[in-house]
Structures are given as structure tokens and as C-alpha cells.
Amino acid sequence: MTVVRDVPWSFDLDAFLSAAGVTDDAELEAEARRLASDAAPLLRPKAVYGSARVERLGGPDRWEVVLGGVTFESEILRCNLEGVERVYPYVATCGAELEGFDLSAYDYLAFYWLDEIKHTAVTQASAWLRRRVLEESAVPRLASMNPGSGDADVWPIAQQRQLFDLLAGATDEIGVRLTDSSLMVPNKTVSGVFFASETNYTNCKVCTRENCPNRRAKYDPERAMAGH
Ligand code: SF4
């Protein structure tokens with residue numbers, strides 16, 4: 001397992017102010033600048049990742065997948081891993097440095113601004129990690145599946161526990177934990193498995209959520225039904 005405690009990232013203040021929607025209000029903008037200059041330098045995005053052999057792919061009676069000795073159950077994961085020998089489980093996080101950050105001295109909107117800063121950090125950490133795994137695995141094209149992303153039954157969020165097992169406790173080393181309902185803390189953390197894919201799989205293709213501002217691909221019912 002590889003643990004990276006200081007994933008490189010950069011904070012673009014102008015982009016943040018624009019995303020926060022404060023640029024037409026001088027007072028609010030000054031407050032957002034103050035929060036950003038206090039909070040952003042504290043963040044240290046982190047990541048953990050590894051490699052696991054695809055040991056077993058189950059059949060239609062039970063869509064079971066065994067990765068590195070850990071069993072998962074998801075029809076779409078099963079279909080995505082047809083012909084794949086190895087997966088790359090991972091967690092990338094904004095870092096836990098702002099978890100106890102005291103917002104009492106800032107505008108009430110600071111809660112959302114802090115989330116925006118953390119979002120920027122985890123987005124960059126996740127992109128950096130994908131590049132790292134691409135380089136090290138020498139796989140031409142990687143796709144990712146993530147427990148809890150898309151429709152609830154695609155890859156149930158409860159299987160975060162197995163994913164964390166697959167990472168052999170290394171998530172503790174980057175300050176990430178699971179709640180009883182399998183949500184990750186810090187909230188701006190992503191987890192999943194990278195795998196070689198020729199089909200350009202994305203979770204959005206099997207997600208029926210309407211009006212999602214983050215949608216990256218059209219819903220593809222054929223793919224959703226067939227799982228491949
Ligand atoms: S459509 Fe939205 S909710 Fe669904 S998988 Fe894509 S980003 Fe996630």
C-alpha cells in the first residue's frame with residue numbers, strides 16, 4: 001500500500017471567490033478572502049492506493065467479485081471487470097486539517113466556503129492520484145467505480161467497509177474514517193477502484209439522478225441494464 005501524505009495542490013483565490021459567488025459584494029468578498037487566507041494554507045491533501053488481483057468473478061446467480069481476498073457484490077462492477085486482471089483501490093482526501101476549524105469568527109456563509117476549499121483540494125488530489133496510478137500501472141486507460149456513487153444499487157455504499165479492508169487499514173494513516181452509515185470523514189474524500197477500461201465507463205452512465213450539476217455523461221439505460 002502506498003501512502004502519500006502531501007499530495008501537491010494549489011489554491012486559486014480568484015477561482016474560489018468566483019465559485020463562492022461573492023465577487024459582486026465587496027464586504028462578503030473581503031470576508032471570503034479572510035477565511036481562505038486563514039484556512040487554505042492549512043490543508044494537506046492525502047492519498048492511499050494499492051493494487052489487488054481480480055481473483056474471482058461470479059455469475060448471474062450472484063454478482064460476486066473477489067479482489068485481493070476481499071469479496072464485493074455488484075453486477076456492474078462484476079461486468080466492468082470482465083477480462084481485467086488487476087484493480088487499483090484508492091482513497092484520496094482533502095485532508096483532515098480543517099475538521100475542527102473554528103468558524104465562529106467568520107460570516108455564517110463560511111461553512112460553505114470551507115467546503116468549497118476542501119472540494120478544490122480533493123478534486124486536485126483525485127486527479128493527481130489518477131495520473132500517478134496511470135503512470136505506475138502502465139494501463140492505457142483507467143476507469144473508476146466508487147461505492148455509493150450513482151444509483152444506490154450500482155455499488156452499495158455499505159461496501160466502503162470492504163474497500164477499506166482491501167486498503168489494509170492505511171486509511172487511518174491519512175486521517176480518513178467511516179461513519180456507521182459508511183460515509184467518509186472528512187466529507188471531501190473519494191474512494192474507489194481504478195481498472196483498465198476500453199469502454200469509457202463512468203458512474204454517470206448508470207445513474208438516473210436528474211438535474212445533477214456534476215453529470216459528466218448521459219444516462220445510458222442499455223449499459224445500466226446490461227452492466228457492460
Ligand atoms: S449523475 Fe451526478 S450523482 Fe449521478 S454519478 Fe454522475 S455525478 Fe454522481
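Helices (H or I, at least four residues) and strands (E, at least two) are taken here as DSSP runs, numbered from the N terminus, and Ser191 lies in one of these elements, strand β10. The structure is a predicted model, in which local features need pLDDT of at least 70 and side-chain atom pairs count only at pLDDT 80 or more, whereas totals for chains, interfaces and linings use all residues. Residues are numbered from 1 along each chain as its sequence is written, and side-chain values use heavy atoms, with hydrogens and water left out.

At 3% relative accessibility, Ser191 counts as buried, a class that means under 20% relative accessible area, with exposed meaning over 50% and partly exposed in between (1.4 Å probe, protein chains only). The side chain of Ser191 is joined to that of Gln160 by a polar contact of 2.7 Å, where a polar contact is a pair of N or O atoms within 3.5 Å; within protein, one atom must be able to donate a hydrogen and the other to accept it, and residues adjacent in sequence count only if both atoms are side-chain atoms. Beyond this strand, Ser197 is placed in the loop between β10 (189-196) and α6 (221-226); Ser197 is buried as well, with a relative accessible area of 6%, and a polar atom of its side chain lies 3.2 Å from the backbone nitrogen of Thr199.

The loop between β10 and α6 also holds Asn211, which is exposed, with a relative accessible area of 77%. Most residues other than glycine have a negative phi, and most peptide bonds are trans. Asn211, however, has a positive phi near 55°, and Ser182, in the loop between β8 (177-178) and β9, has a positive phi near 70°. Ser182 is buried, with a relative accessible area of 5%. The peptide bond from Val185 to Pro186 is cis, with omega near 0°, and Pro186 is found in the loop between β9 (184-185) and β10.

Towards the N terminus of the chain, Asp12 caps the N-terminal end of helix α1 (residues 13-20), with a side-chain oxygen 3.1 Å from the backbone nitrogen of Asp14. Just after α1, Gly21 takes a positive phi of about 70°, and Val22 lies in the loop between α1 and α2 (26-39). Val22 is buried, with a relative accessible area of 1%.

Aromatic rings were paired where the centres of Phe, Tyr or Trp rings (for Trp, the six-membered ring) lie within 6.5 Å, planes under 30 degrees apart counting as stacked, over 60 as edge-to-face and the rest as tilted. By this rule the count comes to seven aromatic pairs. One of them, between Phe11 and Phe16, is tilted, at 5.5 Å centre to centre and with 50° between the planes. Phe11 is partly exposed, with a relative accessible area of 26%, whereas Phe16 is buried at 3%. Ring pairs link Trp9, Phe11 and Phe16 into a cluster.

The ligand is surrounded by Gly150, Asn203, Cys204, Cys207, Arg209, Cys212, Asn214 and Arg215, a residue being counted as near if one of its heavy atoms lies within 4 Å of the molecule. By class, this shell has three nonpolar, three polar and two charged residues, where Ala, Val, Leu, Ile, Met, Phe, Trp, Tyr, Cys and Pro count as nonpolar, Asp, Glu, Lys and Arg as charged, and the others, Gly among them, as polar.
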